[in-house]
Amino acid sequence: MSIEYVEIRDINRSIIGIIDTAQSIIWHTKYNGVGDFEIYTRSSLLTFNLLKEGNYVTRIDTDEIGIIEKVSVTFSARNGRMIIASGRFAKSILDRRHIYKLSGKTNTATILNGNVEKAIRSLVQDNAISCSFDNKRNISSLELGSFANLPEIIVDENGIATQKQVSYENLLEYTDSVLEEYNLSAKVILSDAKKLQYVIYKGADRSTENTEGNEPIIFSQEFDNLLESNYALLTESEKNVALIGGEGEGLDRFYSLVAGSETDLNRRETFVDASSISIKYKDENGEEKTYSDAEYQKLLNSQGKQNLSEMKKVETFNGSINITDGQFVLNRDFYLGDIVTIQDNGIGKYINARITEITEAQDENGYSVSIDYE
């Protein structure tokens with residue numbers, strides 16, 4: 001594998017040139033959050049005009065598309081004039097919007113329920129593609145991609161269908177946090193019509209315990225594809241009980257508690273401020289309604305569950321995986337977001353870990369890749 005060159009595209013996403021003599025290219029993809037890239041090459045009038053803020057960067061062997069957000073030029077007697085262009089991948093455009101429904105001076109909360117993929121696509125549609133109350137919010141280059149028909153639904157801590165309520169939150173941060181709660185991800189890819197398409201997907205289970213019929217992907221010293229391994233169990237940030245504060249002030253505030261069976265030292269509590277979740281809402285006819293205490297408690301519990309999903313105990317094998325000349329090939333046998341098995345028979349440990357980040361680098365030493373998983 002290698003990164004032979006990158007394509008540079010203008011604001012209409014048409015190719016205007018390539019960079020094939022870069023000193024280094026770093027391409028960092030993420031399953032949770034937004035990935036980034038960096039191009040380091042000799043500066044000339046041509047490269048300076050190509051690597052402009054707002055231009056796009058693509059590769060022929062991946063569907064991610066980057067947006068140049070930062071450009072710097074340096075000069076030294078030793079290296080001459082060099083240019084560094086960097087940025088994030090195109091999903092970052094959602095960072096430019098917040099979630100709200102404005103009518104005059106009134107903001108109405110958005111209710112999410114049912115299928116997670118449909119709910120998140122609706123948030124993107126309503127706040128960045130086809131806003132019903134302000135067309136200046138619409139991003140003309142953005143559209144929804146193919147529907148993946150993923151089965152996950154919004155549930156409470158007991159697995160019972162429930163709702164989420166959101167208002168004011170950043171569109172990128174909120175959509176990513178909900179997707180992460182359900183082990184899903186999203187990215188923005190370039191369509192054949194040069195539109196930016198928002199798609200939601202889920203990595204495949206390729207562990208030894210998968211029930212999908214996938215060939216297991218195993219990294220271990222015995223298979224000569226685990227070069228280094230560092231086992232770590234991290235519990236310092238773990239929380240498993242959430243006290244959620246809803247509307248109200250002081251002792252009159254509406255509180256709810258999400259707690260399992262943990263007791264004694266195994267019980268780790270946190271507080272979640274959910275005051276932005278309103279006990280009143282408007283139905284599809286625009287009439288103001290009030291949730292019952294039980295319904296409102298479910299909304300608060302859903303927010304608490306979402307926060308707790310980001311505060312889990314983390315068991316990892318950090319190390320170096322050999323995929324350059326190993327038996328498994330990246331983007332052929334396994335992909336970002338897939339679950340694989342990492343094992344170290346020396347300590348009798350194995351984990352089924354999701355590949356959360358992939359960093360590819362092309363420089364004077366050739367091509368290299370590192371993988372993070374958890």
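A salt bridge is here a side-chain nitrogen of Lys or Arg within 4 Å of a carboxyl oxygen of Asp or Glu. The close-up views below are taken from a predicted model.

**View 1. Salt bridge between Glu269 and Arg267.** The side chains of these two residues approach to 2.8 Å, N to O. Arg267 is partly exposed, with a relative accessibility of 29%. In the structure as a whole, a search finds 16 salt bridges.

**View 2. Salt bridge between Glu238 and Arg268.** The N to O distance of this side-chain pair is 3.6 Å. Arg268, by contrast, has a relative accessible area of 27% and counts as partly exposed.

**View 3. Salt bridge between Lys305 and Glu181.** The two side chains meet at 3.1 Å, N to O. Lys305 belongs to helix α4 (residues 293-308) and Glu181 to helix α3 (residues 171-181); the pair links distant parts of the chain, 124 residues apart. Both Lys305 and Glu181 are buried.

**View 4. Network formed by Arg59, Asp61 and Glu360.** Salt bridges link these three residues in a network.

**View 5. Open sheet of 3 strands with the order β11-β14-β13.** The pairing within this sheet is mixed. Strands β11 (142-144) and β13 (185-190) form the edges, each pairing on one side only. On average, neighbouring strands are turned by 30 degrees against each other, direction ignored.

**View 6. Pairing of β11 with β14, and the helix that packs on the sheet.** Strand β11 and strand β14 (residues 196-201) run parallel and are joined by 3 bridges. Within this pairing, Leu142 stands opposite Leu196 of β14. Helix α2 (residues 116-129) packs on the sheet and touches both β11 and β14. The direction of helix α2 makes about 155 degrees with that of β11.

Notes. Residues numbered from 1 in each chain as written. Predicted model: local features only at pLDDT ≥ 70, side-chain atom pairs only at ≥ 80, totals over all residues. Heavy atoms only, no water. Helix = DSSP H or I, 4+ residues; strand = E, 2+ residues; numbered from the N terminus. Buried < 20%, exposed > 50% of the residue type's maximum accessible area, 1.4 Å probe, protein only. Pairing = 2+ DSSP bridges. Axes fitted to C-alpha atoms, helices over the stretch in contact; angles between N-to-C directions. Contact = heavy atoms within 4.5 Å.
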